[in-house]
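Dear colleague,

I would be grateful if you would read the notes under it with the structure open.

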Amino acid sequence: MGNGNQKTVVITGGSRGIGRSVALRFAEDRPRIIIAHYDPDEVEANKTLNELAQRGVIAESHKIDVSSFEPVASFFKGILLKYEKIDVLVNNAGITRDALLMRMTEDEWDTVIRVNLKSVFNCTHAVVRSMIKQRGGRICNIASVVGQIGNAGQANYAASKAGIMGFTKTIAREVAARGITVNAIAPGFIDTEMTSVLPEKVRGIFIGQIPLGKMGKPEDVAEAAYWLCSDAASYITGQIIHVNGGMYM
Ligand code: NAP
């Protein structure tokens, strides 16, 4: 299966929202694309695969809980056995379980930390040894503006995203000498299923805080992810790139 020139790109949470847009953006270069998602209902994942197929990319989707260490390790082992290398890892999977701290349950805290933050450790840990061996690779983590500025009702989410930022800078330092870059994107308020559940009034309040006066599109984040993982960004590592319409400067 090994084809030295064709890149292998792994995107967690690639079944919908930002992850799907990232997959479609990468598709323009015809890499192998492997997406990980969680919902046993494959409808959204298949939609991504179909859209990729329309662009001439044969992709795979795997149902996997990225918060579980062992399944993630064997998932990546399988990819490496099949394709020999992974060039790009986009750690995008994420969830919210919002509540004010006084009402937040232990389960809401633990679940968000596991799915949003431990997953980034799991996937990066599983891939980094092979990137070190091949002396190159790109890791792009999807954080959030909330990890930088906080947001009432999202202590678990903000902590997980701030954790991603610290993780990104640390791993960037650990692997820079091997030609691997590790960066994060901190999106602001992006129009996906994650934000569509918010009441209209809350959406209005958020939009009022955005100097560019509108929500971002998944494609805005995808473009930044694609660029950070391209040769054009080879001298950029350990950075948090804000894609937020000016919400935080
Ligand atoms: P979304 O539409 O809700 O999609 C979430 C994705 O994560 C889905 O593909 C989902 O898979 C996957 N996922 C959830 N739990 C998983 C698990 N345990 N294992 C594997 N995959 C799992 O969210 P989104 O808005 O595109 O957000 C993508 C990322 O951007 C997240 O990290 C989010 O925190 C971040 N972000 C979003 C915004 C925003 O405004 N939307 C702002 C800042 C940051 P299934 O489809 O199979 O459930």
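Predicted model: local features only at pLDDT ≥ 70, side-chain atom pairs only at ≥ 80, totals over all residues.

Helix α1 (residues 17-27) and helix α9 (residues 218-228) have axes that come within 8 Å and cross at roughly 50°. This angle makes α1 oblique to α9, and the crossing is right-handed. On the α1 side, the contact includes Ile18, Val22 and Phe26, while Val221, Ala222 and Tyr226 are among the residues of α9. By type, the contact residues comprise eight nonpolar, two polar and three charged.

The second topic is Ile164, which is located in helix α6 (residues 155-175). Because its relative accessible area is 0%, Ile164 is buried. Among the residues that Ile164 touches are Leu117, Val120 and Ile142. Ile142 is 22 residues from Ile164 in sequence, and their C-alpha atoms are 8.0 Å apart.

The last topic is the salt bridges, of which the structure holds eight. One of them joins the side chains of Arg16 and Glu193, at 3.2 Å from N to O. Arg16 lies in the loop between β1 (8-12) and α1, and Glu193 in helix α7 (residues 193-196), so this pair ties together parts that are 177 residues apart in sequence. In another, Lys82 pairs with Glu60, the closest N and O atoms being 2.8 Å apart. Lys82 belongs to helix α3 (residues 69-83) and Glu60 to strand β3 (residues 59-63). Lys82 is partly exposed, at 37% relative accessible area, whereas Glu60 is buried, at 17%.

Yours sincerely

Terms used. Residues numbered from 1 in each chain as written. Heavy atoms only, no water. Axes fitted to C-alpha atoms, helices over the stretch in contact; angles between N-to-C directions. Helix = DSSP H or I, 4+ residues; strand = E, 2+ residues; numbered from the N terminus. Parallel < 35°, antiparallel > 145°, perpendicular 65-115°, else oblique. Left-handed = near helix turned anticlockwise from the far one by under 90°. Contact = heavy atoms within 4.5 Å. Nonpolar A, V, L, I, M, F, W, Y, C, P; charged D, E, K, R; others polar. Buried < 20%, exposed > 50% of the residue type's maximum accessible area, 1.4 Å probe, protein only. Salt bridge = Lys/Arg side-chain N within 4 Å of Asp/Glu carboxyl O. Lists of a residue's contacts leave out its neighbours within four places in sequence.
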